[in-house]
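Dear colleague,

Please find below the structure that I promised to hand over. My notes on it follow, and I would be glad if you read them with the model open.

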Amino acid sequence: MGLVLATFNVLDLFDATDTPRIERIAALLHPHAPDVVALQEVGGESACTAIGEALGGGYTQVLGDADARGIRCALLTRRPIVASAVLRAKSLPFPRFFREDAVPFEGRIPLRRAVPDVVVDASELGHVRVMVVHFKSRRGTPMRDEAGETLEPKTTHELVEAETRAVVWRAAEALFVRSAVDEHLLDDPDEMLVVCGDFNDVAGSLPLRIVRGASEPAHTDELVSLAGRVPITECVSVMHDGEPAAIDHILVSRTLAPRVERAFYERMGLGDVVRQDAGTFASDHAPFVVRFV
């Protein structure tokens, strides 16, 4: 018996009574019979329960903390939970150039969406650790004044400066997650580990490279991005205003990578949220599904 894992950003799912949309979400996942479902942008326990019941029931849930918008990461599992935690940080540090330097951006970069960190018993496969992430969006982060009010960009320089802040934010979140990965793999270098979710960035981007780890020189704790195993023409998880991108990812430890049988984006019904009515499809993301054997 293997393990089927899916990660899915379900687009502001606050209303557990929105039966049509929950059924559309379940319809994308149900054919693949996922044992573990990593969720992003879910409102709370009732919405998670509704998804689990629509998938046939039998799921236990682990919820992260909600951000200011009320969305959070969560994990549903039909496999027994061996251990679970929720990783939190009030604010995130950023690299210094010299050891004596003051911490840059101190207190300015929160980890808005806590990271569920759950070990499940995958039967013959063994224990598998799953960490669920949702990084800062690619929208620019404007400057704020002394009172905390947003200063809207007025020049091209200010616009790209705002985008740079967003990259810094995602990179800080990625460094936080990579630190947790390092701790786990230092404790058990052979641990079967998964980091999955909405990274809001593409393969080869700085946040992805941070979580993946060093490749030159090669390290045994480098993670393997499963998006690289999806044919390029099928490697799409979002369509925004005609632009396709794969920003939802599953990264696995080198011990677990050889156990991957198939990895794919379930793109059935994926629409362009800018050009279509979001009410006609499940989400503006496609689920990313992987089968381990």
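A polar contact here is a pair of N or O atoms within 3.5 Å; within protein, one must be able to donate a hydrogen and the other to accept it, and residues adjacent in sequence count only if both atoms are side-chain atoms. By that rule, the side chains of Arg129 and His184 are joined by a polar contact of 3.4 Å.

Before going on, please note that this is a predicted model, in which local features need pLDDT of at least 70 and side-chain atom pairs count only at pLDDT 80 or more, while totals for chains, interfaces and linings use all residues. Residues are numbered from 1 along each chain as its sequence is written, and side-chain values use heavy atoms, with hydrogens and water left out.

To stay with Arg129, this residue belongs to strand E7 (residues 127–134), where strands are DSSP runs of at least two residues (E) and helices are runs of at least four (H or I), numbered from the N terminus. Arg129 counts as buried because its relative accessibility is 14%; buried means under 20% relative accessible area, exposed over 50%, and partly exposed in between, with a 1.4 Å probe and protein chains only. Leaving aside residues up to four places away in sequence, Arg129 touches Asp117, Val118, Val119, His184, Glu191, Met192, Leu193 and Val194, a contact being heavy atoms within 4.5 Å.

Most residues other than glycine have a negative phi.

As for the protein chain as a whole, it has four helices and 16 strands, and its C-alpha trace spans about 55 × 45 × 35 Å along the principal axes. Buried residues make up 50% of its 293 residues. Of the contacts in the chain with a separation of 6 or more, 73% are between residues 24 or more positions apart.

With kind regards
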